[in-house]
Amino acid sequence: MADFWQNPNLEPKRSYKFVLSIPGSSTALPKFLVKKVKKPSFSVSETSHNYLNHTFHFPGKVKWEEVSFTIADVIGPDDGTAALMKMFKEMGYDLPSATNNETISKSKSTAALGGVIIDQIDSDGNIVESWKLNNAWIKNAAFGELSYESEEMLNVDVTLSYDNASYKAGRGALQDGNLGNISR
C-alpha cells in the first residue's frame, strides 16, 4: 500500500472546511459568521485498586469538555450579537422586575439553540464527519473588546456546555457511529 503522499484517493481533513449550524428556535446564527470552532472532546476519569504490591486501573466516568466558537460580529440583519442576545432571552433570561418571575431552564436553553451540529466537509462540499452536541446551551458569551488602538474585526467568543455528543463519519451518505447517551 502506498503511503499518504503517494495515494491520490486519500484527502486529509482540513481545519478550514467546516460548517457550524446553530438553528435556534426563532433566530438562526448565520453560518458564514463563524470563524472557528473547537470540536468536542472527552476525558475518562480513572480509579485505582491496590492489591499487594500491584496497582490496577479502571475507567470511571466520562466527561465531555466544553465546546467554544468564535464569530465575526457584523452590522445589519445578520448581527451576531443580536442573534445571541435573542437566544439568551429565549433561554429565559430577562431583566428583573416586579412582574417577571421567569428564570433560565435547561429545556428553554437547549430549545433556544436548537440542534447544534459541527460538519466537516471535503473539497466537493460533502459531509465527511458530523458531531451533534446533545442538549447544548450557552454557558458563556464574551462580546469582544473595544480599543482605539486596534483596527481588528470585532469577535464574539461563545462557550457551550452539553450532555454528550453523537458522532457520524463517512463520505456522502453518513454511517451511524452514534456514541450513545454518555452523560456529562
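This report describes salt bridges in a predicted model.

## Overview

Side chains of opposite charge can pair when their charged atoms come close. The predicted structure contains 7 salt bridges. Three of these pairs are described below, together with the relative accessibility of each partner.

## Glu11 and Lys17

A salt bridge joins the side chains of Glu11 and Lys17, with an N to O distance of 3.7 Å. Glu11 has a relative accessibility of 32% and therefore counts as partly exposed. Lys17 has a value of 11%, so Lys17 counts as buried because the limit for that class is under 20%.

## Glu129 and Lys39

In the salt bridge between Glu129 and Lys39, the closest N and O atoms are 2.6 Å apart. Glu129 belongs to strand S7 (residues 127-134), while Lys39 is found in the loop between strand S2 (34-37) and strand S3 (42-51); the pair therefore ties together parts that lie 90 residues apart in sequence.

The relative accessible area of Glu129 is 4%, which places this residue among the buried ones. Lys39, at 35%, is partly exposed.

## Glu102 and Lys108

The side chains of Glu102 and Lys108 also form a salt bridge, at 3.1 Å from N to O. Glu102 is partly exposed, with a relative accessible area of 44%. Lys108 is likewise partly exposed, and its relative accessible area is 26%.

Methods
Residues numbered from 1 in each chain as written. Predicted model: local features only at pLDDT ≥ 70, side-chain atom pairs only at ≥ 80, totals over all residues. Heavy atoms only, no water. Salt bridge = Lys/Arg side-chain N within 4 Å of Asp/Glu carboxyl O. Buried < 20%, exposed > 50% of the residue type's maximum accessible area, 1.4 Å probe, protein only. Helix = DSSP H or I, 4+ residues; strand = E, 2+ residues; numbered from the N terminus.
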